[in-house]
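The tour below goes from one selection to the next.

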Amino acid sequence: MGDTGKPTGWYLPEFAHPYDVLAPHTHVIVASPAGGEAPLDPSSIDKSDKSSAAFLEHKEALWKHTEKLSSFVGRAKEFDAIFYVGGHGPMFDLATDETSHKIIREFYEAGRIVAAVCHGPAALVNAKLSDGSYLIAGSPVTGFSNDEEDTAGLSSAMPFPLETELNKNSGGHYRKAKEAFGENVAIGKGGRLITGQNPASAKAVGEAIYEAIFGELVSKN
């Protein structure tokens, strides 16, 4: 990760918590830029989190055998939503991945849901629509805040400050929780753009995706 020498990747609870909400009702397909095994950020493993611990133990095949992201070009109409899990990884690849940007554009313009959590919105920040405008332009949006990155001690290792770029490309519509690391979900574009600020927001993002697809979620326990 940058010049820190630390490994990075996707963040365990940001996959596990939305998965718990969505998997009983949907068919989840997992993709990564290169396909195959998507690297798990080892710092995200917290076995006191029962959801994450169970996911780590029983769902390994989901991230060990991902499909290649490019195989989803032209297939947006086969799906209800696309969701980008966080972890610092997207800051270094998906933020500038033209194939990913094309898929995001296709999903949104096909009327599908585009969602991300924590650093996952790095995949969305530079994505543009067919008219050349940013996907997030004029829409409430969130992602890991600059204060949160400073607290984590990783601001200097990032290729760009996510909050700053989200705010710029949305036209000043970045939103964050009153306190750092508090739960916060931003929903815009008629309910089809869903972003969460941090790991604490992951379950709520899953719930928002569910509600965008199916309607109100009866139980949020």
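Helices here are DSSP runs of H or I with at least four residues, numbered from the N terminus. This is a predicted model.

**Stop 1: a pair inside one helix**

Select helix α9, residues 202-214. Inside this helix, pick Y210 and F214; they are four residues apart and therefore separated by about one helical turn. A pair of aromatic rings is described by the distance of the centres and the angle of the planes.

**Stop 2**

A search of the whole structure finds eleven aromatic pairs. For one of them, select F15 and F55: the ring centres are 4.7 Å apart and the planes stand at 55°, so this pair is tilted. Which helices hold these two residues? F15 belongs to helix α1 (residues 12-22) and F55 to helix α2 (residues 50-58), so the pair ties together parts that are 40 residues apart in sequence. F15 is buried, with a relative accessible area of 9%. F55 is buried as well, at 2%.

Now return to Y210 and F214, whose ring centres are 4.8 Å apart with planes at 45°, so that pair is tilted too. Are these two buried or partly exposed? Y210 is buried, with a relative accessible area of 13%, whereas F214 is partly exposed at 43%. The cut-off for buried is under 20%.

**Stop 3: charges over rings**

Select K128 and Y134. K128 lies over the face of Y134, at 5.0 Å from the ring centre. Then select R192 and Y108; here the charged end of R192 sits over the ring of Y108, 4.1 Å from its centre.

**Stop 4**

Select strand β6, residues 193-196. Both of its faces are covered: L193 and T195 on one side are buried, and so are I194 and G196 on the other.

Show strand β4 (residues 113-117) next; four bridges join β4 to β6, and the two run parallel.

Then show strand β5 (residues 185-188), which runs antiparallel to β6 and is joined to β6 by four bridges. Here V185 has G196 as its bridge partner in β6.

Finish at the hairpin of β5 and β6, where four residues lie between the strands. Select K189 in this hairpin: K189 takes a positive phi near 55°.

Terms used. Residues are numbered from 1 along each chain as its sequence is written. This is a predicted model: local features need pLDDT of at least 70, side-chain atom pairs count only at pLDDT 80 or more; totals for chains, interfaces and linings use all residues. Side-chain values use heavy atoms; hydrogens and water are left out. Rings of Phe, Tyr and Trp (its six-membered ring) pair if their centres lie within 6.5 Å; planes under 30 degrees apart count as stacked, over 60 as edge-to-face and the rest as tilted. Buried means under 20% relative accessible area, exposed over 50%, partly exposed in between (1.4 Å probe, protein chains only). A charge sits over a ring if NZ of Lys or CZ of Arg is within 6 Å of the ring centre and within 35 degrees of the ring normal. Two strands pair if DSSP finds at least two bridges between them.
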